[in-house]
Amino acid sequence: QVVLVGHSVGGLLAAKVGLDFPEVFDRVLLMNPHIATSQWMLNIVQTMPGSFSTMWGSADLCDENRGLNSGGFCNTQLSQYRAVVDMTSRLYCKSWGISRCVSAGFRYNAHEVEATRTAMGKIKNLQMVLTSADTSVQNYPARYWMDALVKEQRRNRHEKIGPTGALCHWPKELEHNYIAPRDRPETDFWWLDFVFFSLERFLGKGVQIEVVERTGHMSAPPSLRRDFCMPTFKEGVVDHGIDLTVLPVTQHPHEYSVASRQGIERPAVISFYDESAKIVEHGRNTHVGGSAVVIEFLNMLDDLLLTVRNEVDGAFQNIFYVSKKHAATFHQCLELSVAPVLQGIRLLDQMPEARRQVHEARGHALTLCSEGALNNFCGLFACTNSISILRPDGYTLLDERGRKHEVSVLFVGTVLSGFMPLRRTRVLELLGVGAHTLIVTRINWNTPPRKVDFAGGVLAKESDTCIRINVVRLSLKDNLLGQFYLAELDLDLPSVSYIRVCSSEFVTAACSRFSGC
């Protein structure tokens with residue numbers, strides 16, 4: 001196999017050779033290529049005298065540092081740099097036709113551009129890597145070059161030649177030359193092992209570098225999104241290692257691997273995947289409509305994660321830690337107790353706090369509508385119904401030992417609650433749980449419960465339309481059935497509270513349930 005690699009100006013030459021002989025090379029790697037020069041820089045260089053001398057790299061110690069590091073360009077004449085600039089502009093504008101560069105005087109050569117487009121479609125496997133905000137070369141010409149390559153490869157490939165060309169970015173702190181520690185002795189090259197591993201895997205096996213972070217839509221051209229080859233923060237990679245401590249954006253078919261800060265890998269096995277699920281998040285008194293998303297359930301030993309994206313291989317919209325013990329079902333939807341997981345922090349470092357949140361009921365409710373997800377989840381873990389979503393046909397609740405209890409709906413409807421002038425319209429449910437009774441109050445038909453009261457009996461029947469009932473408020477954060485014993489004792493206290501409800505249908509249902517009407 002033949003592999004072609006180029007960095008900086010070498011990247012420009014590698015791109016030219018790769019397009020001149022696309023069938024020869026099995027893989028092409030372009031590292032921070034100097035694809036083109038900006039128009040204003042081109043105009044400046046062309047107007048200055050060629051004998052003008054400059055240097056860069058080690059500045060005024062250029063000659064003294066020979067042999068100590070990678071050196072620089074000592075006593076370079078502008079005419080030499082002009083030759084490079086002229087070559088980039090002629091290729092970029094005239095031969096490749098990426099830009100017409102009218103102000104530079106380079107005219108579009110239709111024959112050469114057509115040959116370039118054909119050659120782009122024949123390149124077998126190309127990977128380009130750029131450093132974000134590189135100060136030595138300009139990135140936007142390289143991104144436009146990749147736009148043209150990807151467009152031609154998607155349009156003109158009539159047979160399976162190889163994967164479509166890929167582009168990703170290194171974080172800004174890697175700068176232009178990121179694999180020569182002796183040139184920057186004061187810098188912590190925490191990325192070096194990861195970068196070498198990624199580049200070697202592409203050169204040796206043809207495995208394109210996966211995207212770890214993404215800004216923008218996957219469907220957008222490379223110039224309109226930012227794909228990063230590695231985390232943009234140091235803690236995203238094991239210290240001086242090759243393992244990620246976060247989930248990559250590039251989707252895997254079977255499982256991911258996430259490492260702890262000590263480098264201990266932990267598999268995240270994909271137990272379910274769906275590209276057309278819907279997510280509904282329940283706020284305190286809000287109900288936000290769901291939209292189609294791509295989801296994955298990831299089993300990580302005793303933990304379960306739910307990843308949410310807007311599109312296949314898209315950036316993570318959310319990552320949730322999911323409780324396996326608090327799942328409810330209704331129709332084709334799952335109601336889950338989840339805790340959000342942040343994407344800019346080591347994943348495994350967040351697990352203990354996420355476990356505590358769902359265990360102490362400090363997480364929030366999330367409704368996932370997907371028949372496949374429901375069947376998969378409930379095939380692995382215990383599921384039950386809950387009262388977060390109003391269901392006129394009844395509920396099933398779990399007690400603290402995991403036993404199921406059927407809940408019947410004795411009444412559901414709109415009522416007037418309270419006294420004038422604070423009387424409000426509310427949606428009330430009268431629920432029977434064995435010999436016990438609950439009154440569930442909602443703001444409207446689509447919101448989760450605002451409060452749940454344990455009903456003790458009729459305090460007074462004012463008329464055929466209004467009634468007062470003794471109640472004890474239950475906590476929505478704790479298991480409802482587990483609070484019944486103390487609620488019964490509180491009903492005997494002199495200070496027990498009551499609610500006033502005005503609705504003839506509710507009065508009829510309450511009087512059939514309680515004595516004292």
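Biologist: Which residues are buried in helix 4?

Modeller: This is a predicted model. In helix 4, the buried residues are V113, T116, R117, A119, M120 and G121.

Biologist: And what covers the buried residues of helix 4?

Modeller: The cover includes helix 1 (9–20), helix 3 (78–95) and helix 5 (139–156).

Biologist: How far apart are the end C-alpha atoms of helix 4?

Modeller: They are 19 Å apart. Helix 4 has 13 residues, 110–122, so at 1.5 Å a residue the span should be 18 Å, and the two values agree.

Biologist: What does N109 reach at the start of helix 4?

Modeller: A side-chain oxygen of N109 comes to within 3.2 Å of the backbone nitrogen of H111.

Biologist: Switching to salt bridges. How many?

Modeller: The count is 22 salt bridges.

Biologist: Which residue forms one with D86?

Modeller: R90, with the closest N and O atoms 2.9 Å apart. D86 and R90 are both in helix 3, 4 residues apart, or about one turn of the helix. D86 counts as partly exposed because its relative accessibility is 25%, and R90 is partly exposed at 40%.

Biologist: What about E429, buried or exposed?

Modeller: Buried, at 0% relative accessibility. E429 forms a salt bridge with R442, closest N and O atoms 2.9 Å apart. E429 is in strand 18 (residues 424–433) and R442 in strand 19 (residues 436–442), so the pair ties together parts 13 residues apart in sequence. R442 is also buried, at 0%.

Biologist: Which residues do salt bridges with shared partners join into one network?

Modeller: R117, E152 and R155. R117 is one of the buried residues of helix 4.

Technical notes. Residues numbered from 1 in each chain as written. Predicted model: local features only at pLDDT ≥ 70, side-chain atom pairs only at ≥ 80, totals over all residues. Heavy atoms only, no water. Helix = DSSP H or I, 4+ residues; strand = E, 2+ residues; numbered from the N terminus. Expected span 1.5 Å × (residues − 1). Buried < 20%, exposed > 50% of the residue type's maximum accessible area, 1.4 Å probe, protein only. Contact = heavy atoms within 4.5 Å. Polar contact = N/O pair within 3.5 Å; in protein donor to acceptor, adjacent residues only side chain to side chain. Salt bridge = Lys/Arg side-chain N within 4 Å of Asp/Glu carboxyl O.
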